[in-house]
Amino acid sequence: QVRLVESGGGSVQAGGSLKLSCTASRRTFSVNAMGWFRQAPGKEREFVAAVSSPDSSDDARTYVAASVKGRCTIFRDNAKATVYLQMNRLKPEDTAVYLCATRDGCSWRGIYDYWGQGTQVTVSA
């Protein structure tokens, strides 16, 4: 059973920063790609960012959506079985539940199989 636990969400004013964390079951973490998604009320789930595992042969080992590019960075600490999403210059439209996910594969490309419960991010104008 893969277990993902997110933390770091909260309420900030526009222009602020948050760092989200997602800690995974250690025995699966190092070989799995990890991703962050978000879902705002009334909107479809959006793929925000992802990072391949160290074993991946991807030319591009990270993915960041155009909507957050230049403001968000994804990185992983395999020793801590944790993936992070650093979000800067937050905007009200970034308000959403942010979900961590992982997949049975080392590339960030593909379908994500396991999901955390999510952490709320609220950005006020």
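Which handedness does the link of C22 and C100 have about the S-S bond?

Reply: The link of C22 and C100 is left-handed, with -80 degrees about the S-S bond. Before the details, some conventions are needed. This is a predicted model, in which local features need pLDDT of at least 70 and side-chain atom pairs count only at pLDDT 80 or more, while totals for chains, interfaces and linings use all residues. Residues are numbered from 1 along each chain as its sequence is written, and side-chain values use heavy atoms, with hydrogens and water left out.

A disulfide is a pair of cysteine sulfur atoms within 2.5 Å. A search of the whole structure finds one disulfide, and it joins C22 to C100 with an S to S distance of 2.0 Å. C22 lies in strand β3 (residues 18-24) and C100 in strand β9, so the pair ties together parts that are 78 residues apart in sequence. Here helices (H or I, at least four residues) and strands (E, at least two) are DSSP runs, numbered from the N terminus.

Buried means under 20% relative accessible area, exposed means over 50%, and partly exposed lies in between (1.4 Å probe, protein chains only). C22 counts as buried at 0% relative accessibility, and C100 is buried with a relative accessible area of 0%.

C72 is buried, with a relative accessible area of 8%. For C106, the closest cysteine sulfur is again in C100, at 17 Å, too far for a bond. C106 is partly exposed, its relative accessible area being 29%.

Charged side chains provide another kind of link. A salt bridge is a side-chain nitrogen of Lys or Arg within 4 Å of a carboxyl oxygen of Asp or Glu. A search of the whole structure finds four salt bridges. R38 takes part in one with E46, at 2.8 Å from N to O. R38 also forms a salt bridge with D94, where the closest N and O atoms are 2.9 Å apart. R38 lies in strand β4 (residues 34-39) and D94 in the loop between β8 (82-87) and β9 (96-102), so this pair ties together parts that are 56 residues apart in sequence. R38 counts as buried at 6% relative accessibility, and D94 counts as buried at 1%. E46, by contrast, counts as partly exposed at 27%.

D58 and R109 form a salt bridge as well, with their closest N and O atoms 3.4 Å apart. This pair links distant parts of the chain: D58 is in the loop between β5 (46-51) and β6 (62-64), and R109 is in the loop between β9 and β10 (114-115), 51 residues apart. D58 counts as buried at 15% relative accessibility, whereas R109 is partly exposed, with a relative accessible area of 44%. Salt bridges that share partners join R38, E46, R71 and D94 into one network.
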